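I opened the notebook to look up a few local features of this model. The entries below keep the order in which I checked them.

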Amino acid sequence: MENEYSKNPIQIKTESESIDIPDEMRKETEKTSYFCNVCKKSFSERRCLIEHEHIHAGGKLYHCDICSKSFSKSGTLNLHKRIHTGETPYHCDICGKCFSRNSALLTHMRIHTGEKPHQCDICGKSFSASSKLNTHKRVHTGERPYHCDICGQSFSENSTLNKHKYVHIGEKPYQCNICGKSFSVSSTLNRYKRIHTGEKPYHCDICGESFSQSGNLNSHKRTHTGEKPYHCDICGKSFSKSCNLNSHKRVHTGEKPYHCDICGKSFSESGNLNSHKHIHTGEKPFHCDICGKSFSKSKEFSVVPLVGFAVYGFLCIGKGNYWFHQYGIWGK
């Protein structure tokens, strides 16, 4: 008996042979299979294939009518527009936080569930999002793929590069409504506001100490674990903080990127530059709360308890001079 699909066959060619496909089967296949000629990816709708092909062609046909940014997919444009409209249709039913993307909500939910399905195959550390794992791996590899086209400085995260660029343009669009101080990045403003509010939302689950920034909490936790994930690729020395590694590397390179705009003297660390500037300004911000003497550098004085002497008290040491603060006589 003749099969219904044997009517009106058509012939297609493959690399190895010719195959006859019945006309009815061809029509049914065409309904659900649209193939990209470049990467062979298949799509159920022709419009999806057309959008996809723009990726290979480099075309960005969909333009934001607010900021003129362009996209290769209409869906990506719609997601982008929420940046301007502030629309956040996806809500966490536990804490009420809102998101513009469903994927961002799903990642956020892992904060509540504690799920961390993405594990580093080098150190075993786990993360709630694959993007955080990819960023973390650069700690081990030292990779910094994002480069500033103005000064050439490199960064491990694109978001850090974008924040850095404000240094060059000087733009600070985010203003504190309490003191008026301005910032180039909204997240920096949010962290700064905690100075006014005293908020410390990040808590150490080992000792209970609280912090105003998550980064400070992560650094603090390493005092408990002893972890030092930042390694010098020159001498192998390890550090618990990336900033300490960066400062250390200047010992090898001799780099002194911080310059005094008054006398031109250069320093390897910004803290040393700030201390140096007190020489020009005459400022003495460090005070002994016992005798009231002031110093331009914190290391120029220290208050040392005296033990084992006939009297007890404190010794204020500054620039080779010694001031004794007597509290009493032992035994009295």
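What follows are my notes on a pocket, a residue and a helix.

Basis. I worked from a predicted model, where local features need pLDDT of at least 70, side-chain atom pairs count only at pLDDT 80 or more, and totals for chains, interfaces and linings use all residues. Residues are numbered from 1 along each chain as its sequence is written, and side-chain values use heavy atoms, with hydrogens and water left out.

I looked up the second largest pocket and noted a volume of about 230 Å³. Its lining includes Phe-71, His-80, Arg-82, Phe-99 and Arg-101. The elements giving two or more residues to this lining are α3 (74–85) and β8 (98–99); α3 gives the most, with five residues. A pocket here is an open set of points on a 1 Å grid over the protein atoms alone, where a 1.4 Å probe fits, with protein on both sides within 12 Å along at least five of seven lines; lining residues have an atom within 4 Å of a point. Volume is the space filled by probe spheres set on the points, which are joined across faces, edges and corners. Helices (H or I, at least four residues) and strands (E, at least two) are DSSP runs, numbered from the N terminus.

Arg-194. I found Arg-194 in helix α7 (residues 186–197). Arg-194 counts as buried because its relative accessibility is 16%, the limit being under 20% relative accessible area (1.4 Å probe, protein chains only). Beyond neighbours within four places in sequence, Arg-194 is in contact (heavy atoms within 4.5 Å) with Glu-199, Pro-201, Tyr-202, Ser-212 and Gln-213.

Helix α9. I noted Leu-245, His-248 and Arg-250 as buried in α9. The buried residues of α9 pack against β17 (230–231), β18 (238–239) and β19 (258–259). After α9 comes Gly-254, with a positive phi near 75°.

Definitions and conventions. Buried means under 20% relative accessible area, exposed over 50%, partly exposed in between (1.4 Å probe, protein chains only).
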